[in-house]
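This report describes how one protein model is put together. Look over the sequence and the structure below before reading on.

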Amino acid sequence: MNLVITMSRRFGTGASMIAENLSKKLEIPVYDKAYIEHELEGNSYRDEAEVIRELAGRSCIILGRCASEILKDQPNVFNVYICADKEDRIRRIMKKESLSYEDAKEMLDGNDRERADYYYKYTGKVWGDVNNYHMILDTSKLGAENCADILIKYFEKVEII
């Protein structure tokens with residue numbers, strides 16, 4: 001089956017690591033903002049939604065870019081939202097970026113604002129609304145290192161994979 005996983009996330013949740021782990025386990029590619037923007041270079045007539053629809057023609061994981069909304073009518077799409085406690089996110093950013101607490105908090109707040117604004121601008125919906133996703137994973141409670149396995153177990157249970 002052609003399985004497309006969209007993964008929306010809060011900054012600092014470990015979602016990129018989850019996507020990479022899931023990618024290895026399922027042997028499917030991960031596409032993120034950098035990849036999609038690269039695909040658009042020199043193609044002013046194409047937009048992100050068109051690129052995302054093309055990518056969804058085969059099994060893959062798409063990080064962000066409103067993919068959950070763009071692909072909402074496709075039956076082979078599974079939408080995941082990754083969240084975590086703010087303090088955990090700040091600590092993860094401090095470690096990853098070698099920042100002070102205040103600088104990491106400022107980076108997190110700015111990034112969250114940008115993502116929420118982007119999502120609303122292109123979908124008219126509230127970013128992180130539980131109604132937009134099939135599953136929400138909290139890395140503070142579950143551990144980012146466990147989330148790919150949780151998804152795999154679910155997909156096996158419902159016989160998607």
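## Helix 6

The buried residues of helix 6 are Ala 104, Leu 108, Gly 110, Asn 111, Asp 112, Tyr 119 and Thr 123. Buried means under 20% relative accessible area, with exposed over 50% and partly exposed in between (1.4 Å probe, protein chains only). Helices (H or I, at least four residues) and strands (E, at least two) are DSSP runs, numbered from the N terminus. Helix 4 (67-70) and helix 5 are among the elements that cover these buried residues of helix 6.

With 23 residues at 1.5 Å a residue, helix 6 should span 33 Å, and the 32 Å between its end C-alpha atoms agrees with that. The expected span of a helix is 1.5 Å times one less than its number of residues. Just after helix 6, Gly 124 has a positive phi of about 75°.

## Basis of the model

This is a predicted model, in which local features need pLDDT of at least 70 and side-chain atom pairs count only at pLDDT 80 or more, while totals for chains, interfaces and linings use all residues. Residues are numbered from 1 along each chain as its sequence is written, and side-chain values use heavy atoms, leaving out hydrogens and water.

## Helix 5

Helix 5 covers residues 86-97. Its buried residues are Arg 89, Ile 90 and Ile 93. They lie on the same side of helix 5 because they cover an arc of only 100° around the axis; the arc is that of the directions from the helix axis to the C-beta atoms. These buried residues pack against helix 6 (101-123). Ser 98 follows helix 5 and has a positive phi, near 55°.

Five strands form an open sheet in the order 2-3-1-4-5, with parallel pairing. Two strands pair if DSSP finds at least two bridges between them. Strand 2 (30-31) and strand 5 are the edge strands, each pairing on one side only. Two bridges join strand 2 to strand 3, and Tyr 31 stands opposite Ile 62 in strand 3.

## The nonpolar cores

A nonpolar core is a set of buried Ala, Val, Leu, Ile, Met, Phe, Trp, Tyr and Cys residues joined through side-chain atoms within 4.5 Å. The largest has 23 residues, of which Ile 5, Met 7, Leu 22 and Leu 151 touch the most other members. Helix 8 (144-157) is one of the elements that supply at least two residues of this core, and helix 8 gives the most, with six residues.

A second, separate core has 13 residues, including Tyr 31 and Val 51.

Terms used:
Contact = heavy atoms within 4.5 Å.
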